[in-house]
Amino acid sequence: MRIGVLTAGGDCPGLNAVIRSVVHRAVTQYDDEIIGFEDGYRGLLDRHYRTLDLDAVGGILALGGTILGSSRLERDRLREACERATDMVEEFGIDALIPIGGEGTLTAARMLSDAGLPVVGVPKTIDNDISSTDRTFGFDTAVGVATEAMDRLKTTAESHQRVMVVEVMGRHAGWIALESGMAAGAHGICLPERPFDPADLVKMVEERFARGKKFAVICVAEGAHPAEGTMDYGKGEIDQYGHERFQGIGTALAYELERRLGKEAKPVILGHVQRGGVPTAYDRVLATRFGWHAVEAAHRGDFGKMTALRGTDVLMVPLAEAVTELKTVPKSRMEEAESVF
Ligand code: F6P
């Protein structure tokens, strides 16, 4: 078999572990040939690819980022890819394509599959918001980075009697904020799923100070919004990939709290640091399992599907099912952390 592999969308710790796993399984078990398209779907459209053999994937298991590069695909180029789908199969002589990516990449994968490409998807995102898999790799690493940052911020916050507002990633789903906030013992958590009232946070901080605890850490997802009429904070424009350009809730909230409390409040924006660097052991294992199962699915001819973790098993689920809705934080999970909302 000749298998194409690509990584698209925002990068994520564990992408290289999937690439390595695909190559190892395909080459050692089936004697396949693997080609890696560069910079996501762009490599497919612009014919930029290289052969990946065992040497090419040596030493990349623990490497962050992606050795193939990544990019987001503009809508008109996606249309072009769908129109050329069957020609591309001929042109590259590929029997299967394994795109590794998040919601946008998997939506494109589904469209390409419908257009005639034999596709097996692998889901990734640090946001953990793909509904048909219990977990995506990258999430565990991001939660670890954010948790460690808040652990560190607590000691400096306490030394200076400050409020720290820590902004983490999560556009529509607050999984990173929820889990890192819980793990670090944040005193407030704000999620995109539930508009917050800054007055509640002011009350919480004042009560803490009244009890002699002279600092607070508040973890806020980048997509969190204040409830209407509670604070000045606008909606951002939509960019060319359909994403809202956020206005910086971490900074806005820190200034708002400082003004209302008369105490120092500092914004800390963790940003892309959550996505960079070494994946955790959990993410390496999940990524490796996804790569293994993707190759097996390709050899069974199980196309139009993606790998998914259900409980402790990796299954194949239809791409159509994977991209219908985002997995957001349910009320029951918020209730478990209720004291900090
Ligand atoms: O999808 C993961 C994610 O990390 C989001 O949480 C974040 O808003 C987005 O990607 C930012 O990606 P980029 O800066 O690469 O466009």
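**Burial and contacts**

Trainee: Why is R2 called buried?
Mentor: R2 has a relative accessibility of 19%. Buried means under 20% relative accessible area, exposed over 50%, and partly exposed in between, with a 1.4 Å probe and protein chains only. R2 therefore counts as buried. This is a predicted model, in which local features need pLDDT of at least 70 and side-chain atom pairs count only at pLDDT 80 or more, while totals for chains, interfaces and linings use all residues. Residues are numbered from 1 along each chain as its sequence is written, and side-chain values use heavy atoms, with hydrogens and water left out.

Trainee: What makes the pairing of the R2 and E33 side chains a polar contact?
Mentor: The value is 3.3 Å. A polar contact is a pair of N or O atoms within 3.5 Å; within protein, one must be able to donate a hydrogen and the other to accept it, and residues adjacent in sequence count only if both atoms are side-chain atoms. The R2 and E33 side chains make such a contact.

Trainee: Where is D127, and why is D127 called buried?
Mentor: D127 is found in the loop between β5 (120-123) and α6 (139-160); helices (H or I, at least four residues) and strands (E, at least two) are DSSP runs, numbered from the N terminus. Its relative accessibility is 14%, so D127 counts as buried. The UniProt record, an unreviewed entry, places the feature "active site" at D127; such annotations may be inferred rather than shown by experiment.

Trainee: Which residues surround the ligand?
Mentor: The ligand is surrounded by R72, T125, I126, D127, M169, G170, R171, E222, H272 and R275, where near means that a heavy atom of the residue lies within 4 Å. An oxygen atom of the ligand is 2.7 Å from an N or O atom in the side chain of E222. Taken alone, the ligand exposes 400 Å², of which the protein buries 75%; accessible areas come from the Shrake-Rupley method with a 1.4 Å probe.

Trainee: How do you know that α7 is largely enclosed?
Mentor: Eight of the ten residues of helix α7 (residues 175-184) are buried, so this helix is largely enclosed by the rest of the structure. Among the buried residues are W175, I176 and A184. Just after α7, G185 takes a positive phi of about 70°.
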